[in-house]
Amino acid sequence: MKRIYPLTASAVVMLWSLASANAATKPKNESPSTEAQVMFAQIDATSTAIAETAYNLGVMAKDQRDPQSHLEGLHDLREDINKVGSELQALEAERSSLSEWESKALDQILPLMQDVAGNTEKALQTFNSDRQRLWATSYVDDTATVTKEADQVATLLRDYLKLARTREKESRIEQSLGETQ
């Protein structure tokens with residue numbers, strides 16, 4: 001809790017540039033769809049962590065906690081947003097091999113995560129400009145917005161992944177019924 005890692009606007013812009021040169025390579029033993037589902041599950045988990053961290057920062061600001069106590073949470077937000085950005089970048093690079101639902105999920109979560117990054121940037125700017133009065137600034141609203149948007153990402157992905165598992169199960173049952181007839 002003694003470090004600060006500022007999230008700059010240029011880092012946010014670079015995070016979302018979606019250049020395919022930095023896209024992750026997929027393991028040879030996994031299909032693009034399986035790899036995408038794993039990445040969506042990781043984004044789901046990280047989005048949940050982002051929402052929780054942002055919520056805790058807002059509570060700490062309302063409770064007028066020492067500004068130093070916010071530093072670790074702000075660092076965690078930056079790290080988690082960068083992680084999700086890298087995963088979205090890799091998914092965007094593989095868009096042509098994604099299933100229809102995966103492309104739809106990507107289309108829905110990308111703008112939400114861009115908003116999460118932007119609102120995190122606003123919260124960090126407020127933190128840097130008025131640390132002693134965070135409770136009376138837009139910091140509380142910005143962290144609440146980050147919480148809401150990150151929760152939306154996690155909920156969307158959870159629902160899409162649940163639907164994909166259900167469809168896979170249905171397909172396996174249909175195949176097994178076809179084999180026994």
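Helices (H or I, at least four residues) and strands (E, at least two) are taken as DSSP runs and numbered from the N terminus. On this basis, the secondary structure of the chain consists of five helices and zero strands, and the elements follow the order α-α-α-α-α from the N terminus on. The structure is a predicted model, in which local features need pLDDT of at least 70 and side-chain atom pairs count only at pLDDT 80 or more, while totals for chains, interfaces and linings use all residues. Residues are numbered from 1 along each chain as its sequence is written, and side-chain values use heavy atoms, with hydrogens and water left out.

Of the 181 residues of the chain, 41% count as buried. The accessible surface of the chain, computed by the Shrake-Rupley method with a 1.4 Å probe, comes to about 10000 Å², and carbon and sulfur atoms contribute 50% of this surface. Among contacts in the chain with a separation of 6 or more, 80% are accounted for by residues 24 or more positions apart.

Side chains of opposite charge can pair when their charged atoms come close. A salt bridge is defined here as a side-chain nitrogen of Lys or Arg within 4 Å of a carboxyl oxygen of Asp or Glu, and by this rule the chain has six salt bridges. One of them joins Asp-107 and Arg-95, with 2.8 Å between the closest N and O atoms. This pair links distant parts of the chain: Asp-107 belongs to helix α4 (residues 100–129), whereas Arg-95 lies in the loop between α3 (71–93) and α4, and the two are twelve residues apart. Asp-107 is partly exposed, at a relative accessible area of 45%, and Arg-95 is likewise partly exposed, at 25%.

A further salt bridge is formed by the side chains of Arg-78 and Glu-79, at an N to O distance of 2.5 Å. Glu-79 has a relative accessibility of 35% and therefore counts as partly exposed. Asp-130 and Arg-133 also meet through their side chains in a salt bridge, with an N to O distance of 3.5 Å. For this pair, the relative accessible area is 22% at Asp-130, which is partly exposed, and the relative accessibility is 41% at Arg-133, which also counts as partly exposed.

Technical notes: Buried < 20%, exposed > 50% of the residue type's maximum accessible area, 1.4 Å probe, protein only. Contact = heavy atoms within 4.5 Å.
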